[in-house]
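Hello,

Here is the structure I promised to pass on to you. Please open it beside this email, and then read on for what turned up in it.

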Amino acid sequence: MRPLVRPPLRSTLYLAFSFAAAAAVGALFLWLPWMHRGKLSFLDALFTATSAVCVTGLTVVNTATTFTFGGKVVILTLIQLGGLGIMTFSTLFFVLMGRTVPVGESLTLKESFAPYPGVDLKPLLLTIVAYTLFTEALVTLLLWPAFGEGFSPEGFFHALFHAISAFCNAGFSDLPQGLSPYKEAFYLPAVIALAILAGNTGFPIVFEVFHRLVLRQRRRWSLHTRLTLTVHGGLILLGALLFLIFEGNRAFSGLSLPQKLLNAFFLSISSRTAGFSLVDLSRFGEVSLYVLIFLMFIGACPGSTGGGIKTTTFGVLASSVISRLRGYPQPTVFRRTIPQDLVFKALTLAALYAFTIYISQFLLILGAPSRAFAASGTEFLARLFESVSALGTVGLSTGITPQLSPWAKGVIIGTMYVGRVGVLSLAILLTGLSSRPKEFYYPKEEVLLG
């Protein structure tokens, strides 16, 4: 396992600025009179643009009825830019033009996407872009006949929109009712679920599978791939099982058993940062919403189009706890020892995520009318759900997003931005942490725990 490499401050600054600039420019485009129908405030345009470039999917207006064809193209462009990352496109431009890629950007991209050290940047980027375009094109062709009768141009755009949105885990739909009319179908939800998995499983795994199975390179499966797929698959099965148990006779009532299975698996896959839903989440019980919060908090896999603390972060933390309970002096998984600095990084990331969720929900409550807890109903859980969904760039909602106040919209915009840029990268930017770890240690001293 490679050592921890913190992104240089310059690369982090560029990353933070590029997403903010893309959201601002996208908002200006969406605010143009011919990009939308009726009245659209700049705040709502900024909310939509931020949600698109941060591949979140939370919306304060109906995408299908509010925006014209041009506005939907702008949203789709922002989704594509945000899904792969603006740094990926800019670095690819350097590579194709034969120019030298800055060291900071090169290290950051390799740290994000390469499954093992020593991978050249050019083939890595070309693999990522080729895989993305091929998958999105294939999904578009598979979805085309499912939208409308025949192979109409309108059906093609619907298919293209949902293919890019699903692969980039954005959760946007250009249909007035979203995907809810397809909750009893099988083909379309299954294709979209596979597109979501193709995007949120992570490019490092795709890169490793391609070199091992296609190029026939003899190399053992990396610990990253084994840990990622184990946690990834386990969470999908766990989520689907819990949704079947808790919502089989409530939100899924009236559906046949195969339809309930498909809806449960679709939601379990989509809740890990894609944000599509076949059913109305306001019909879900509180237990199911807490399951969704858990899945949204973990999110997708590293090097993917999704957000969250990532499956490997959860895997490292879980392995550390299990190893300690089993008596191992160091975290161990699959007969491999996890470096201590990775455990510290996982703890830091999880703690920052939890703290950011707390701050986001606190600000949402602060901007709302003060009322007694007995009269607040389900507002506390709804705001918590909204904060986790925004930070994890998921896009699922219990239905409160369109009713958010201007203050709350600003809070969610900031939360989505932090979730896409990354709380760890943003912390490095704000605190000016050095890219090199300190080389000295203070004396040890025990403290009481528990």
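Let's start at Thr393, which counts as buried because its relative accessible area is 1%; buried means under 20% relative accessible area, exposed over 50%, and partly exposed in between, using a 1.4 Å probe and protein chains only. Thr393 sits in the loop between α16 (379-391) and α17 (406-421). Its phi is near 50°, a positive value in a residue other than glycine. Most residues other than glycine have a negative phi.

Before going further, a word on where this comes from: it is a predicted model, in which local features need pLDDT of at least 70 and side-chain atom pairs count only at pLDDT 80 or more, while totals for chains, interfaces and linings use all residues. Residues are numbered from 1 along each chain as its sequence is written, and side-chain values use heavy atoms, with hydrogens and water left out.

Lys310 is another residue other than glycine with a positive phi, here near 90°. You will find Lys310 in the loop between α13 and α14 (311-325). With a relative accessible area of 18%, Lys310 is buried.

Now for the overall picture. The protein has 18 helices and 2 strands; these are DSSP runs numbered from the N terminus, with helices being H or I of at least four residues and strands E of at least two. Of its 450 residues, 54% count as buried. Among contacts (heavy atoms within 4.5 Å) between residues at least 6 apart in sequence, 72% join residues at least 24 apart.

Tyr290 gives you one such link to look at. Tyr290 belongs to helix α13 (residues 286-298) and is partly exposed, because its relative accessibility is 46%. Leaving aside residues up to four places away in sequence, Tyr290 touches Leu381 and Leu384. Between Tyr290 and Leu381 there are 91 residues in sequence, yet 8.8 Å in space from C-alpha to C-alpha.

The expected span of a helix is 1.5 Å times one less than its number of residues. Helix α15 (residues 340-366) has 27 residues and should therefore span 39 Å, which agrees with the 39 Å between its end C-alpha atoms. Among the buried residues of α15 are Leu342, Val343, Ala346, Leu349, Ala350 and Tyr353. An α-helix has 3.6 residues a turn, so residues three or four places apart point the same way.

Helix α4 (residues 69-84), with 16 residues, reaches 23 Å from first C-alpha to last, close to the expected 22 Å. Its buried residues include Val74, Ile75, Leu78 and Ile79. Just after α4 comes Gly85, with a positive phi of about 100°.

What about the cysteines? Cys168 is buried, because its relative accessibility is 0%, and Cys301 is buried with a relative accessible area of 0%. A disulfide is a pair of cysteine sulfur atoms within 2.5 Å, and the count by this rule is 0.

Last, how many residues line the second largest pocket? There are 30, and Gly57, Thr59, Gln177, Gly178 and Gly395 lie nearest its centre. A pocket is an open set of points on a 1 Å grid over the protein atoms alone, where a 1.4 Å probe fits, with protein on both sides within 12 Å along at least five of seven lines; lining residues have an atom within 4 Å of a point.

Enjoy exploring!
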